[in-house]
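Me: Could you walk me through this structure? I have not seen it before.

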Amino acid sequence: MSSTLKNIVIVGASGVLGNAVLSTLLSNPFFVVTVLSRPDSKATFPSAAKVIKLDYHSKDALVFALRGQDAVISCLGFDGLNENLDQTLIEASIAAGVKRFLPSEFSANTFHDTVVNLPVYTSKVAIHKVLEDHKDQISYTYVFTGGFLDWGFRNGFLGFDIKNRSVILYDDGKYRASGTTLQHIGEAIKGILLHPEETRNRPVYLADATFSQKEALALFEKYTGTKWTIMNKTTEEALKSGLDALAKGDYINGYGNIIMSFNWGGKGAVIFDNNDMTLLDVKPLGLEKIIKDAVEEFTK
């Protein structure tokens with residue numbers, strides 16, 4: 001079996017991450033890109049991508065769509081993962097003869113003890129066993145990115161509110177975490193596809209920057225030219241708030257608080273000092289440039 005990964009399917013290409021991956025792969029003429037989309041989706045895609053609309057729950061339809069494809073990249077969000085769609089995609093990929101599957105990871109290291117039992121990652125952790133049990137039929141790559149830095153700084157998800165010049169510091173903002181921009185996640189996925197043997201059946205770690213909230217705050221104050229209002233919260237409080245919210249069916253606040261609890265908790269699940277950026281031919285942007293760009297984009 002050839003290891004070349006040329007014919008690529010993206011699932012979830014209309015999302016924030018999927019769109020970045022799609023744009024990167026379409027910019028490289030080597031790849032032939034197909035997008036799978038739900039029948040009722042109103043999303044539109046560049047004409048360079050082939051689009052197949054189908055029922056994600058129909059294994060027969062998926063197998064038909066995936067025949068002749070080399071790799072499947074799942075960029076599904078939590079809704080799709082809660083429907084166990086990654087498992088369905090893996091089963092269909094095996095039946096169709098797909099060579100490589102990239103599950104929807106793109107966050108913390110889901111093998112780490114501090115996150116492996118959290119409800120936010122139950123479906124991701126379950127996929128590890130599915131892939132490892134079938135590694136003689138399909139290869140895989142887990143992609144661990146930390147937070148999406150450009151996206152997370154712009155919309156306040158990571159605790160920084162550019163509009164109101166305020167920040168929530170978790171555990172006094174003293175612990176470090178890694179993160180990657182959406183563009184560089186796309187570039188790294190391109191690198192994985194171009195380095196199939198080096199990335200076979202293992203995790204790949206990405207980081208444009210590894211930093212504490214205090215370090216980020218100093219740069220935000222530098223580039224906004226003002227002191228920011230600081231609010232404090234412990235990661236224990238964030239975890240409790242998240243679990244309480246999930247119990248009430250509030251998934252947005254539930255997932256958000258749980259993610260902040262381990263992202264800024266300093267336990268190591270999101271610290272990728274030893275990463276694969278060099279292997280994948282991606283040069284880290286560094287924290288200062290990312291924050292400078294975020295402030296400039298916000299103030300346009």
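Reply: What follows goes from the whole protein to its sheet and then to single residues. This is a predicted model, in which local features need pLDDT of at least 70 and side-chain atom pairs count only at pLDDT 80 or more, while totals for chains, interfaces and linings use all residues. Residues are numbered from 1 along each chain as its sequence is written, and side-chain values use heavy atoms, with hydrogens and water left out.

Me: How many helices and strands does the protein have?

Reply: The protein has eleven helices and 13 strands. Both are DSSP runs numbered from the N terminus: helices are H or I with at least four residues, strands are E with at least two.

Me: What is the radius of gyration?

Reply: The radius of gyration is 19 Å, close to the 19 Å that the globule rule gives for 300 residues, so the protein is as compact as a globular protein of that length. The radius is taken over C-alpha atoms, and the rule is 2.2 Å times the number of residues to the power 0.38. Along the principal axes, the C-alpha atoms fill a box of roughly 55 × 40 × 40 Å.

Me: And what share of the residues is buried?

Reply: Buried residues make up 53% of the 300. Buried means under 20% relative accessible area, exposed over 50% and partly exposed in between, with a 1.4 Å probe and protein chains only.

Me: On to the sheet. What is the strand order?

Reply: Seven strands form an open sheet in the order 3-2-1-4-5-6-11, with parallel pairing. Two strands pair if DSSP finds at least two bridges between them.

Me: Which strands stand at the edges?

Reply: Strand 3 (50-53) and strand 11 (202-205) do; each has a single partner strand, so one side of each is left without a neighbour in the sheet. From one strand to the next, the twist averages 20°.

Me: What packs on the sheet?

Reply: Helix 2 (residues 59-66) packs on the sheet, touching strand 1 (7-11), strand 2, strand 3 and strand 4 (71-74), and its direction makes about 165° with that of strand 2. Contact means heavy atoms within 4.5 Å. Axes are lines fitted to C-alpha atoms, for helices over the stretch in contact, and angles run from 0 to 180 degrees between N-to-C directions. Helix 4 (residues 85-96) lies across strand 1, strand 4 and strand 5 (100-102), at about 170° to strand 5.

Me: Changing topic, is strand 10 enclosed or open, and why?

Reply: Strand 10 (residues 176-180) is largely enclosed by the rest of the structure, because four of its five residues are buried. Strand 10 pairs with strand 7 (residues 147-148) in the parallel sense over two bridges, and with strand 12 (residues 209-212) in the antiparallel sense over four bridges.

Me: Which residues stand opposite each other there?

Reply: F148 stands opposite T180 in strand 10, and R176 stands opposite S212 in strand 12.

Me: Where does V282 lie?

Reply: V282 lies in the loop between helix 10 (251-263) and helix 11 (287-298). At 6% relative accessibility, V282 counts as buried.

Me: What does V282 touch?

Reply: Not counting residues up to four places away in sequence, V282 touches H184, E187, A188 and M277. The buried residues of helix 7 (residues 182-194) include H184 and A188.

How values were computed
The expected span of a helix is 1.5 Å times one less than its number of residues.
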